[in-house]
Amino acid sequence: MPRQIYTEDHEAFRETVRTFLAKEVTPHYDQWEKDGIVSRDVWRAAGRQGLLGMAVPEEYGGGGQPDFRYSAVLAEEFTRAGAPGLAIGLHNDIIGPYLTTLGTEEQKRRWLPGFCSGETITAIAMTEPGAGSDLQGIRTSAEDRGDHWLLNGSKTFISNGILADLVIVVAKTTPEGGAHGLSLLVVERGMAGFERGRNLDKIGQKAQDTAELFFHDVRVPKENLLGELNGAFIHLMTHLAQERMGIAVAAIAAAEYLLEITTQYVKEREAFGRPLAKLQHIRFEIAEMATECAVTRAFLDRCIADHAAGALDAVHASMAKWWATELQKRVADRCLQLHGGYGYMTEYRVARAFTDGRILTIYGGTTEIMKEIIGRSLLG
């Protein structure tokens, strides 16, 4: 079914993204996977190409284009290229809105130009060894010392953790406030007491640096409070819909691409003297996945259009996130099975997609959390 949510401008942008990937990403990606980290040069290249800060106002060096459909195109093409390690979606769609909507004028002028040029790589530090989706469990604390906050604690599973120059840290600023006693503090590279742990060894997305972060008596200037004091809970909830949509878009794009390459594979691969595609079981498998992808795509495109128009609510974003990511997981498993032994070999895209995509049902809120959000909205 022809998609109806994109204009000629969006498709022209798609070609720009494909050219960037072919020149700046794909030739180096295998090395980045071995290194466990991408180069800083590719971030600067993305900045020069206008792929960073697309929604940031032009006066701060951004593209001045808040239309989420451009972010969706970016997510789709990076997914098809098999390049999740360059976490531009995290930078643009998750951290960018915090800086543009919560930042003071001084903060915007200080941070956004580097954000858009690729000189300043960003991360958000929420998860802790003992606290994931439960914000009330956060133990990292910041004590008011007059002209600065004294920050202590640790975070884990932080994407861009090694490369990040600017980290938005969720910290407890009112000990008795629970989830409503949290604030967002911006920690910058070079601050005394800010240390990075090891680059964590994951089963997938190996080119994406994911690290532990440690804060030992870090003096964070009062000017680095982002948003309202004790307002982190509301700030985080406000921007979760876009984060979840970005993950959902990547998930359906991954499922569609896996179906595409597997369909071609079963046409070419022979068993018992004829192509796999001639076997009824194989045709049924392809038919089922194609139908599930088509139905999911129709819903996702509606959600993309709604979000671009500012009309998507948290419940439908949660529906999109859990359904699309669980679909990707099922499709990846079935497509690997249809590749047989070759599907287990890392040089085949289906193998890498199987491990790269497994995190999609976990980060940004697990499937179980998504269902809880939807259930509460319906049942109270």
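This is a predicted model: local features need pLDDT of at least 70, side-chain atom pairs count only at pLDDT 80 or more; totals for chains, interfaces and linings use all residues.

Biologist: Which strands pair with β5, and in which sense?

Modeller: Helices (H or I, at least four residues) and strands (E, at least two) are DSSP runs numbered from the N terminus, and two strands pair if DSSP finds at least two bridges between them. Strand β4 (residues 166–172) is joined to β5 by 7 bridges in the antiparallel sense; V169 has L185 of β5 as its bridge partner. Strand β8 (residues 225–226) also runs antiparallel to β5, with 2 bridges, and there L184 is partnered by L226 of β8.

Biologist: How many residues of strand β5 are buried?

Modeller: A residue is buried under 20% relative accessible area, exposed over 50% and partly exposed in between, with a 1.4 Å probe and protein chains only. In β5 (residues 182–188), 6 of the 7 residues are buried, so the strand is largely enclosed by the rest of the structure.

Biologist: At what angle do the axes of α9 and α10 cross?

Modeller: Axes are lines fitted to C-alpha atoms, for helices over the stretch in contact, and the angles between N-to-C directions run from 0 to 180 degrees. Under 35 degrees counts as roughly parallel, over 145 as roughly antiparallel, 65 to 115 as roughly perpendicular and the rest as oblique. Helix α9 (residues 314–338) and helix α10 (residues 349–356) have axes that come within 9 Å and cross at roughly 150 degrees; the two are therefore roughly antiparallel.

Biologist: Which residues of α9 and α10 meet?

Modeller: Contact means heavy atoms within 4.5 Å. From α9, Q328, A332, D333, C335 and L336 meet V350, A351, A353 and F354 of α10. By class, this contact of α9 with α10 has 7 nonpolar, 1 polar and 1 charged residues. Here Ala, Val, Leu, Ile, Met, Phe, Trp, Tyr, Cys and Pro count as nonpolar, Asp, Glu, Lys and Arg as charged, and the others, Gly among them, as polar.

Biologist: How do α7 and α9 pack?

Modeller: Helix α7 (residues 232–268) packs with α9 at an angle of about 25 degrees, the axes being 8 Å apart. The pair is therefore roughly parallel. The residues of the contact of α7 with α9 divide into 20 nonpolar, 4 polar and 2 charged.

Biologist: Is D67 buried or exposed?

Modeller: D67 is buried, with a relative accessible area of 12%. D67 is found in the loop between α3 (40–48) and α4. Not counting residues up to four places away in sequence, D67 touches H10 and A308.

Biologist: What should be noted about the phi of D217 and of N230?

Modeller: Most residues other than glycine have a negative phi. D217, not a glycine, has a positive phi of about 50 degrees; D217 lies in strand β7 (residues 210–221) and, at 45% relative accessibility, counts as partly exposed. N230, also not a glycine, has a positive phi of about 65 degrees. N230 is placed in the loop between β8 and α7 and counts as partly exposed at 25% relative accessibility.

Note on methods:
Residues are numbered from 1 along each chain as its sequence is written. Side-chain values use heavy atoms; hydrogens and water are left out.
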